[in-house]
Amino acid sequence: MAPSIGSQEAKTICVMDASSRIGAALVDRLLRRGYTIHAAAFGRGDEGKAASWSESKRVRIFRSDPLDYHSIADAVRGCSGVFYSFDTDSYDEFMVEVEVRAAHNVLEACAQADTVERVVFTSSVTAVIWKENRKLAEDVDERDWSEPNFCRKFKLWHALAKTLSEKTAWALAMDRSVNMVSVNSGLLIETELSPSNSYLKGAPEMYEDGVLVTVELKLLIDAHICIFESADAFGRYLCFNHAICRPEDAVKLAQMLSPLAPSPPPSDELRVIQERIRSKKLNKLMLEFGDELQVAE
């Protein structure tokens, strides 16, 4: 691990995909913390954000294609850190292949760039929870992986894409000695949340299994910053701040997804589900990181 991790002075960071909600929030936060940014946008986000960044002398905007290795390498070149996330409106078998190829391109570019000290790879809780005998298992944590064959069988394309792309990234990172850490995020709570969100495929089963979890944007960004700047960060980190285990929580989420749908009548027969997923590893790291998250905010 490079000894300079943890000091942001004069560092240049690549954020990819900067046009996503997570990427845009990371750019804003990293700027406030004093970094210089390569904002690599895949072109599906808020053009107004890019316009506001273009006024900053500490932001360079790159129009990148996740399937074009050279456009990825151009954005990564000269950077000491890379934050990578990939998301799309809908998932199918084709998008699984696209995401896997994109992850390979990004990690290969990081391996080729001799300046990169750490890669923070945004993955998902869906890359952890789906397996054939999941009901017999103990509580879920970072050591667990979703089973690709199970995901294919039930067409859990979001889970399959996140699982295979993360595995691809880890394989390349270990083979090429890239210092990578992953953030396996719960369902991001956002204003545009809808029932068609690919993360939610299998939501009733996630609820019954006690692994339906959500995360607010602020915590997710805090976690990324903490994991990048902390010299002690390693491996995978589950990131969420709420588990949907009570009937009233499930109703609240359903109303967020479909605000116009009628609320179900209260029932004494609905039971509280046992939470079976833990984020102790991230909680411990963030507790140790402490007030440093407030520096330059």
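**Exercises on rings and charges**

The charged end of K281 lies over the ring of Y237, at 4.3 Å from the ring centre, where a charge sits over a ring if NZ of Lys or CZ of Arg is within 6 Å of the ring centre and within 35 degrees of the ring normal. The model is predicted, so local features need pLDDT of at least 70 and side-chain atom pairs count only at pLDDT 80 or more, while totals for chains, interfaces and linings use all residues. Residues are numbered from 1 along each chain as its sequence is written, and side-chain values use heavy atoms, with hydrogens and water left out.

**Exercise 1.** Find the ring over which the charged end of R236 sits.

*Solution.* Starting from the charged end of R236, one reaches the ring of W145, whose centre is 3.5 Å away.

**Exercise 2.** Classify the pair formed by the rings of F42 and F86.

*Solution.* Step one is the definition: rings of Phe, Tyr and Trp (its six-membered ring) pair if their centres lie within 6.5 Å, and planes under 30 degrees apart count as stacked, over 60 as edge-to-face and the rest as tilted. Step two applies it: the centres of F42 and F86 are 6.4 Å apart and the planes stand at 55°, so the pair is tilted.

**Exercise 3.** Decide whether F42 is buried or exposed, and do likewise for F86.

*Solution.* Buried means under 20% relative accessible area, exposed over 50%, and partly exposed in between (1.4 Å probe, protein chains only). F42 has a relative accessible area of 10% and is therefore buried, and F86, at 4% relative accessibility, counts as buried too.

**Exercise 4.** Classify the pair of Y84 and F121.

*Solution.* The ring centres of Y84 and F121 are 5.4 Å apart with planes at 45°, so this pair is tilted. Both Y84 and F121 are buried.
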